[in-house]
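Hello,

Here is the structure I said I would pass on. My notes follow it.

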Amino acid sequence: MSNTTAPKRFPMAWFYLALLVAYPLLVYPENALFRLTEISIGMQLTYIFIYAILALGLNVVVGYTGLLHLGIAAFFGIGAYITGILTVPAYPFQVGFIAALVLSTAGAALLGVLLGAPTLRLRGDYLAIVTLGFGEVTRFTLRNLEEITAGTRGLNPVPPPQLPGVLATPLSWLGIQPDWSLDYRLFYYLALGLLVLVVVLLTNLERSRLGRAWVAIREDELAATCMGINAARVKLSAFALGCGLAGMAGCLYATTLTSTAGPDAFDFNRSIIMLCCIILGGLGSLRGTLLGVVLLIGFDNVAAPVLDGLIQGANINPNGNPLLTFSNWKLLIFGVALIVMMRFRPEGLLPSRVVEEELVGYAPQPRGKLLRAR
Amino acid sequence: MTSLSFLAAADASGLWETLGQYTLIGLTNGMLFALIALGYTMVYGIIELINFAHGDVFMLGSFLALAMINVMTGRDWDWSDPQMLWLGIGLLLLVVPLFCAALNVTIDRVVYKPLRRAPKLAPLVSAIGVSFVLMNVGLLWGGAADRHFPDLISRQNLLGDDAAIGFTAKDLMVVAITVPIMAALTVFVKATRLGKAMRATAQDPVAAQLMGINIDRVIALTFALGGALAGAAAVVYGLYINTVSYQMGFQNGLYAFTAAVLGGIGNIPGAVLGGLVIGLARAFGSGYVGERWTSALVFVILIAILVFRPAGLLGARTREKV
Amino acid sequence: MSRFLPPILLLSLLAITTFAGWKDAGDGHPQLIKIVSSLPRTGSAKAQTDTIVNGIKIAMGEADYKAGGFGIVYADWDDATAGAGQWTAEAETANANRAVRDPDVMVYIGTYNSGAAKISMPILNKADLLMVSPANTWPGLTKPDKGDPGEPAIYRPTGRVNYVRVVPTDDLQGPLGARWAQEMGVKRVYVLDDNEVYGKGIATLFIEACQDLGIEVLGHESIDSKAQEFKPLMATIKGDKPDLVYFGGTTQSKGGQIAKDMIAAGLDCKLMVPDACYEEAFIQSAGADNLNDRCYVTFGGLPPDKLVGPGKAFVDKYTERFGGMPEVYAIYGYEAAKVALEAIQLAGVKNRNAIREACLAIKDFNQGALGTWSFDANGDTTLTTISGSIIRDGKFQFVKVLGH
């Protein structure tokens, strides 16, 4: 392990964090970018933070432990719906944000364990299809249990968190209005704060006994078991943590949007896109995962509307020719981007050092089996 | 008392008839899923890639079939004449699989081949990318709305007009096309030299290469065969379901993938069995549980089966090699 | 050195934008008003939203992109993403915020999905920005006591109404459809819906009306609109021998496939569908033969070929430009844009609150394609004309007006 190189990289992370903390406070860049692109970058960053938490959770399962998980969106949805049920006025619970966050995380983690316990002995793609199936079952259940989940309408309104009174003065110094729906910066800092906590947690876990056990299982389950690692327990812990983080992201998602959206927001497509984010960034790599989320979610939520606006604004299409509208080409552009990026960086944009060393250290294998238990 | 038992008997015979009807529908739909699943499972068997774009190759095939039918109808092709009908379907079954095979091989050469030595999950993302691209092509080709696929085959009940169970010429067509294809595929894989090369490559590519098998050609052949099967499935699907849309590849691909895994991925009879199980699960689910739970039920059954048979229904429990 | 490149780039971007953002945003262009629509333009609902946008563009073109002395700019925003393939809550939120922050935006046309409206309504309400929906049918968005508890007050944090809709809610079509079925002599019905807000709502109201009228409801099932075929379901229904099958749903949620599979299963009874199937795409997706003389459609407003005045002009223009009768969503899109332009015209100033008030005050509006109607205090249309049509020879043929 090349832990020696870690301190050299450390300041860079601090730099990016400082930039993200400073950005909304400077106000002017946000305004200028909004005038230029008509997109609130600050608000989009909030969603990117939320998806980053989701992707980091998926990365624990797929990246560290090497278990292909195709149903992460279900746990995202479970987190959102637990939050919805616990907070909307239609239910008698009305708990606070912190309680909802903890219970969503715990609930999703528990369901992850319940799904994992009987199925973790499945190998590779059999586990993948079980997680996929669980995701679809969850979506249909959310849809069909209309008495509980309000069906496709979604539960709303999810109230914003209570601001602690002590924060009132510092917020007014910073020029932030204490209203969650008027000033995006409250959710921005909430999501950023949670993301930083998750990153710190995972950075420490990576180097802990458990983190090394995850990687050992991914690299060679049999050898790991011979070394005394309890494979079942280690895999279950990865499942619990990954699904729990997804539930946490779900809680944040529902709170930020004031609604659980509908069950279809948590479908297989969402799982697939999150998987693309972490593979594209570099499996098992924290930095890679974050970059993958920025690129893919950024394309969908920032680049696509900006391009669309430019094309409509340029007025090259006075006759309404459908071939000249952006929405008719969106999927193609997205697909080509995925293909091209994988073609030139098959190991991911920022691969984790372990994988990188493996790729250099071993002769390439005839079949791409590097990330499978051999 | 007597009247009551009479009622029960009448009910029971009705029950058997509906059971038979559900079984027939389930098996026919299952055949279709199986045909798509075969392409999945063969590609997986050779290069261990979950080819998410497979369903979209199938979708483009059905658009081609629709376009051909429209052109042929425009040129006064007489579909009502049985001879011309079967000739026309034969033509579709020749051209569409060729197109899908060519498309699949091209995709492999351009997109997957450069990634053969990449980490296992890299081609998966490329496959998802290809799926998006093909879906967009379908959108530009066929438009966003569902399209009606002409109803060329008679709906007349072969068991007689008053029979309680419906089995139409259309249902027969599905069986008459899919079963020979599956049989031919089995013979090909089991008995020919190329089939043997395919099996050898699936088992151990390095050893196969050492035995003088050209792996690249075998992989290309697998993609061609998988594409051709998807093309044939596209024609049968169009004629049987009668609706095509640019989004249909996704859902059908999902079921086909499920069928392939259910049967034991990489296993050809397994894919067929998996397809039939899914078809039956959908039909019985709709009949006895409730339409809205049908799709969830398919996956519940899948999870239950995999918990008890972790390598699928027909998958071999291989011991890990050390 | 490459790892220092991104930070340097980011820092310089920050510096440049800080200076660029120094000057005040201002009030935008004094002579320009922007109307935006937020609809799912990618994925499963694209076919319907294409027609809505067509309708909006015709309305804009008719006004020559002018209203109340202002130039009008129209922007077609997407609340769906490529990755999701359908509307996403964050895209809808972003669109709403984008509209609020852009000082030129005076009217927000949308949304398509009622679930999306629930998210953007409170955001737009705080800015007093007028929102005109061409497609939301969930009654709770406007009507007290008809939706979930707390609705619609939760969408109006300011207490003022800023949301109007030109599409009638479900509580008319369902009951009138049931009465029409009774007139046709229907005694036994089987009800299906697509498990969406619109379809389920309308199907539930149809069932309630049937029970009041003494029509026997044999069963009620929700389909999965992503499923490819419904043959087993049709076999079940066939065993119940209904006189009529009612499908609460849309063309895109498999209305066509339902009609087809009924025939395939040998179920040749009547089929009744609501207004979301009143479009040629429905006949095309079902195949004209499968619907001939057995498919009944209810529709809010008069059918396009019975319109006079401005409505007829629209129908002619649409047919000329897009080669076919306008789809129902094109009509609603057209109506929504017409209302937006009328509100700007009436207000005569570039002020969101003035335009909102002007819109709610619209009475006896007859410039559109749906006849004459007004907005009530909740922002709902007072339109109660429901017409019934039958599909014959691949065309919708008007049968009668079902009620006022």
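This is a predicted model: local features need pLDDT of at least 70, side-chain atom pairs count only at pLDDT 80 or more; totals for chains, interfaces and linings use all residues.

The buried residues of helix 15 in chain A are A:Lys330, A:Leu331, A:Phe334, A:Gly335, A:Leu338, A:Ile339, A:Met341 and A:Met342. They lie on the same side of the helix, because the arc they cover around the axis is only 170°. In general, an α-helix has 3.6 residues a turn, so residues three or four places apart point the same way. The cover over the buried residues of helix 15 comes from two chains, and includes helix 13 (268-281) and helix 14 (286-314) of chain A as well as helix 3 (82-112) and helix 4 (122-142) of chain B.

Next, the contact between chains B and C. Chain B puts in 31 residues and chain C 32. On the chain B side, helix 1, strand 1 (147-148), helix 9 (248-263), helix 10 (268-289) and helix 11 (294-308) each supply at least two residues. Helix 1 of chain B gives the largest share, 6 residues. By class, this side of chain B has 8 nonpolar, 16 polar and 7 charged residues.

One residue of helix 1 (residues 2-47) in chain B is B:Leu27. B:Leu27 has 18 other C-beta atoms within 10 Å and is therefore partly exposed. Leaving out residues up to four places away in sequence, B:Leu27 touches B:Leu276, B:Gly279 and B:Leu280.

Regards

Note on methods. Residues are numbered from 1 along each chain as its sequence is written. Chains are lettered from A and ligands numbered from 1 in the order in which they are written. A residue is buried if 20 or more other C-beta atoms lie within 10 Å of its own, exposed if 12 or fewer, and partly exposed in between; C-beta atoms are placed from the backbone. Helices (H or I, at least four residues) and strands (E, at least two) are DSSP runs, numbered from the N terminus. The arc is that of the directions from the helix axis to the C-beta atoms. Two residues are in contact if their C-beta atoms, placed from the backbone, lie within 7 Å. Ala, Val, Leu, Ile, Met, Phe, Trp, Tyr, Cys and Pro count as nonpolar, Asp, Glu, Lys and Arg as charged, and the others, Gly among them, as polar.
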